[in-house]
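Colleague: I would like to go through the terms used for this model. Please set each value against its definition.

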Amino acid sequence: MKVAVTGGAGFIGGNFVQYMVNKYPSYDIFNLDVLTYAGDLTKHKNIENNENYHFAKVDISNRDEIMELFNKEKFDYVVHFAAESHVDRSITEPEIFVKTNVLGTQVLLDASKAINVKKFVHVSTDEVYGELDFDPTTFFTEDTPLQPNSPYSASKASSDLLVRAYHETFKLPMNITRCSNNYGPYHFPEKLIPLTISRVLNDQKVPVYGTGENIRDWLHVLDHCSAIDLVMHEGENGEVYNVGGHNERTNLEVVKTIISALGKSEDLIEFVQDRLGHDKRYAIDPSKLEKLGWKPTYNFDTGIAQTVQWYLDNKEWWETIISGEYKQYFEKQYGNK
Ligand code: NAD
Ligand code: TYD
């Protein structure tokens, strides 16, 4: 079985590559990644010599390169993570989001169709549904209309619609997964949780947008990996599955939990100007996926404690990142803090 994992050098794709290489020694796992600022291969040092792990440096929006690779390798499955993934960057530089997330997905769909893959698994996000209000009894289901609010979520929704269209028009076998916010090892430190951990460890201010009351539904990345594994193997052709673990927290609660785990002062919290178009609340109803047999294994309290410990044990990984190009990104995004 040959499995192409796009974006396998990033946060979730990277965890998924590790999960698959270890769980399925008889599968050949191909990591297809162009290595943007968010991709790095140091996370795969432990598997780089495994016979069932392969890497190809390739841009998913480069049609010729993708066609050549797909025609050569004849993948059975494509699990598509590669994307521009940060909402804040989509507000300042939307164009690359359309190129990678929309055009890149379309190139992969054409290539997958050309070699008749067994299934195309498209990893999407709950953000395509837009936002919920603060009523805790409301959730996104697979039937919630798509109402994306940011250029990021609009580009992901566009790619979801292309995947659907290739299924309807060309009978391309596919599933779409829509997951809530992930956290865990190798989360790039521009996102709330790793940004908070890395800044608190350096006794730097943590920028909290607006009042900090916005709510996200947090899922450990390994629970996301097991969900995709299940959907890839057992998901009903053409179906969408929401992935989430009912771990809703306000941003302020998340930041305070991390500060407390690290024994630091809440004086590090700094309320800053709100994100444009900031979605109020995300919350997932995962019952369709649970009926397929999925159950998350982490709760937020133990998951976040383990994640904080991982960042303490792997300082070299994130210190290398925040001392590089990231510095300019941070200054541009937040000013000189
Ligand atoms: P990430 O930003 O950490 O990693 C993205 C990876 O894609 C990087 O390795 C990057 O080099 C690669 N990439 C980008 N452009 C590429 C291109 N043109 N060609 C080849 N590779 C390219 O992202 P992530 O947080 O791991 O998210 C992975 C996927 O999961 C995305 O599709 C995202 O929309 C989705 N998702 C993320 C979350 C979350 O909380 N992070 C939640 C739900 C869904
Ligand atoms: P983020 O990790 O960027 O994920 P997403 O925007 O995809 O949900 O942000 C999570 C929440 O944290 C979101 O409501 C925005 C907020 N946030 C801050 O308050 N400060 C920050 O510096 C960042 C990056 C995010």
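Colleague: How many residues has helix 7, and what does it reach from its first C-alpha to its last?

Modeller: Helix 7 has 14 residues and reaches 20 Å, close to the 20 Å expected at 1.5 Å a residue. The expected span is 1.5 Å times one less than the number of residues. Helices here are DSSP runs of H or I with at least four residues, strands are E runs with at least two, and both are numbered from the N terminus.

Colleague: And the ground rules?

Modeller: This is a predicted model, where local features need pLDDT of at least 70 and side-chain atom pairs count only at pLDDT 80 or more, while totals for chains, interfaces and linings use all residues. Residues are numbered from 1 along each chain as its sequence is written, chains are lettered from A and ligands numbered from 1 in the order in which they are written, and side-chain values use heavy atoms, with hydrogens and water left out.

Colleague: Which residues of helix 1 and helix 7 make the contact between them?

Modeller: Contact means heavy atoms within 4.5 Å. From helix 1 (residues 11–23), the contributors include Phe11, Phe16, Tyr19 and Lys23. From helix 7 they include Val221, Cys225, Ile228 and Met232.

Colleague: How do the axes of helix 1 and helix 7 cross?

Modeller: The two axes come within 9 Å and cross at roughly 60 degrees. Axes are lines fitted to C-alpha atoms, for helices over the stretch in contact, and angles run from 0 to 180 degrees between N-to-C directions. The crossing is right-handed.

Colleague: Why are strand 7 and strand 11 said to stand at the edges?

Modeller: The open sheet has three strands in the order 7-9-11, with mixed pairing. Strand 7 (181–183) and strand 11 (248–250) each have a single partner strand, so one side of each is left without a neighbour in the sheet. Neighbouring strands are turned by 50 degrees against each other on average, direction ignored.

Colleague: How do you know that strand 9 and strand 11 pair?

Modeller: Pairing needs DSSP to find at least two bridges between two strands. Three bridges join strand 9 (residues 215–220) to strand 11, and the two run antiparallel. So the pair meets the definition. Asp217 has Glu248 as its bridge partner in strand 11. Helix 8 (residues 251–261) packs on the sheet, touching strand 9 and strand 11.

Colleague: Why is Arg275 with Asp88 called a salt bridge?

Modeller: The term asks for a side-chain nitrogen of Lys or Arg within 4 Å of a carboxyl oxygen of Asp or Glu. Here the closest N and O atoms are 2.7 Å apart, so Arg275 and Asp88 qualify. Arg275 lies in the loop between strand 12 (269–272) and helix 9 (287–292) and Asp88 in helix 3 (residues 87–92), so the pair ties together parts that are 187 residues apart in sequence. Both residues are buried.

Colleague: What about Lys332 and Glu93: is each exposed or partly exposed?

Modeller: Lys332 has a relative accessible area of 62%, so it is exposed. Glu93 has 45%, so it is partly exposed. They form a salt bridge, with the closest N and O atoms 3.4 Å apart.

Conventions: Buried means under 20% relative accessible area, exposed over 50%, partly exposed in between (1.4 Å probe, protein chains only). A crossing is left-handed if the near helix is turned anticlockwise from the far one by less than a right angle, and right-handed if clockwise.
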